[in-house]
Structures are given as structure tokens and as C-alpha cells.
Amino acid sequence: MNLLLAEDDPLLADALQQQLLNASFKVEWAENGAVAEYLLLKDRFDIAILDLGLPLVDGLTVLKRVRAAGRTLPILVLTALDALEHRVAGLQAGADDYLTKPFDFPELEARLHALLRRGRPSSAAQQLRGLTLDRAARRASIAGEPVDLSPREWTLLDLLLTERDRVVTKAQIAEAWGSDDSSGGGSLEVYIHRLRKKLEGSGVAVRTVRGLGYLLEATAS
């Protein structure tokens, strides 16, 4: 899980980074609000920890701007501001959770995992143009016609649709495939090619973003 840590106290940030890394998070640190805002609007993160008392741009402003830009990642506010009005302001600005300092790391980790579970896509059918993905039934269809997908093609399409309009890296795809040994000897590029063929006529396409990965997007009508 890719996590942005926005914290201006270098000692706390360093300690948190080590604990988060040990908890299997990939951590990027922003030491002020300007950097945090830039990274949250530019890069893809699964979750963020945001201090409100950040220099240059305060955390509440960062939170409001990120939500105004349409970013929906879970954001946990971690701050020494524990008054009721501060908690209410943070939650109203778009925070998903609010934890005050001092805190115990096991509680922080538990809250992060709870937010990640809450943010996972439901098993209900998801649709983009003519493509429909029914996760409960593990079926895909185009204009009502079923699409025959191998297990790896299904996982790949599910990931791309979940992250629609955002780049999915090769590392993310490999992680999603995990220990699945149903590759049949094919490389990722082979699966991308097969999936593109199967999505023809659906109104969506897989685009290669050179040097970064792939993204699923609606094609021009």
C-alpha cells in the first residue's frame, strides 16, 4: 500500500516511517503542506496521514483542495489539535478519520487498515461505457454479451477498472496477480494485448503510459 505521510516533525516522521515500513506500507514523506498538496494531486496513493499544523500550507487547506480536486483516497488526520471544533472542521473538510497526538502506533495501524477495507470496491456490478464488471458473479460483459476472461485477465481488468483514469504500474499488477501460476507462459504485454482485443467495441481501452504502466479510459465516441 502506497502511503503519503505529511508531518513536519522530522523525528516523529522518521519514527513513523520505520513503523509503517515494518507494517508493509510504502511511505513517501512530505515535510510541509505545499509538498503534501503537490504529491496528493500528482501521484497515486492508497491512503494518506495528514497533520493539520503543517508549514507553508496548513493541513486543513490541503485537505479541502485535495477533495475539491476529486481525490477520493482515505485520509487520516493525525494532529495535536484535539478540541471538538478542530475534529469537526477536519471531518467536514473531508477527513475519513481523526487521531490526536500522542497516540499508540497499533491504534494508528488498525485505523489505517480499517479505512483501506472501507474504501475497497464493493462486489456490486461496475460499469464503464459498454463494459460491465460483476464482481459478485466474477463475470464481465460488453453490451450484455459475456466476455471470456482467464483468471489473470479478470484480475487485470478488475484492477484497471478500479483505478480507472489512473496509471496502474507493472508492480501493482504483479502484486494483484500474486502467486497465481495460471500465466501459461505469457508476459504482461501478452495479457494486455489479449485484453485489448477482448475490449474492442466496449467504448473503453487500455492505454500504455510509457515508463509508468497502463490505464483504462473511455474512448472518444
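**A chat about the model**

Q: What caps the N-terminal end of α2?
A: Asparagine 32 does: one of its side-chain oxygens sits 3.0 Å from the backbone nitrogen of alanine 34. That is a polar contact, meaning a pair of N or O atoms within 3.5 Å, where within protein one must be able to donate a hydrogen and the other to accept it, and residues adjacent in sequence count only if both atoms are side-chain atoms. Helices (H or I, at least four residues) and strands (E, at least two) are DSSP runs, numbered from the N terminus.

Q: Before we go on, what sort of model is it, and what goes into the values?
A: This is a predicted model, where local features need pLDDT of at least 70, side-chain atom pairs count only at pLDDT 80 or more, and totals for chains, interfaces and linings use all residues. Residues are numbered from 1 along each chain as its sequence is written, and side-chain values use heavy atoms, with hydrogens and water left out.

Q: Thanks! Which residues of α2 are buried?
A: In α2, which covers residues 33-42, the buried ones are Gly33, Ala36, Glu37, Leu39 and Leu40. Buried means under 20% relative accessible area, exposed means over 50%, and partly exposed is in between (1.4 Å probe, protein chains only).

Q: Glutamate 37 is a charged one. Which residue does it form a salt bridge with?
A: Arginine 65, with the closest N and O atoms 3.0 Å apart. Because glutamate 37 lies in α2 and arginine 65 in α3, the pair ties together parts that are 28 residues apart in sequence. Glutamate 37 has a relative accessible area of 15% and is buried, while arginine 65, at 41%, is partly exposed.

Q: How many salt bridges are there by this rule?
A: The count is 14, where a salt bridge is a side-chain nitrogen of Lys or Arg within 4 Å of a carboxyl oxygen of Asp or Glu.

Q: What about aspartate 51, which lysine does it form a salt bridge with?
A: Lysine 101, and the closest N and O atoms are 3.6 Å apart. Aspartate 51 is in the loop between β3 and α3, and lysine 101 is in the loop between β5 (97-100) and α5 (105-119), so this pair ties together parts 50 residues apart in sequence. Aspartate 51 is buried at 5% relative accessibility, and lysine 101 is partly exposed at 21%.

Q: Where does arginine 166 come in, and which glutamate does it pair with?
A: Arginine 166 forms a salt bridge with glutamate 163, the closest N and O atoms being 2.7 Å apart. Salt bridges with shared partners join Arg44, Asp46, Glu163 and Arg166 into one network.

Q: New topic: helix packing. At what angle do α6 and α7 pack?
A: About 130 degrees, with the axes of α6 (residues 151-162) and α7 (residues 170-177) 10 Å apart. That makes α6 oblique to α7. Axes are lines fitted to C-alpha atoms, for helices over the stretch in contact, and angles run from 0 to 180 degrees between N-to-C directions. Angles under 35 degrees count as roughly parallel, over 145 as roughly antiparallel, 65 to 115 as roughly perpendicular and the rest as oblique.

Q: Which residues make that contact?
A: Arg152, Thr155, Leu156 and Leu159 from α6, and Gln172, Ile173, Ala176 and Trp177 from α7.

Q: And how do α3 and α4 cross?
A: At roughly 20 degrees, with the axes of α3 and α4 (residues 84-93) coming within 9 Å. That makes α3 roughly parallel to α4. On the α3 side, Leu60, Leu63, Lys64 and Arg67 meet Ala89, Gly90 and Ala93 of α4.

Q: One more residue: where is aspartate 97, and what does its side chain contact?
A: Aspartate 97 lies in strand β5 and is buried at 15% relative accessibility. Its side chain makes a polar contact with the side chain of arginine 111 at 2.8 Å.

Definitions and conventions: Contact = heavy atoms within 4.5 Å.
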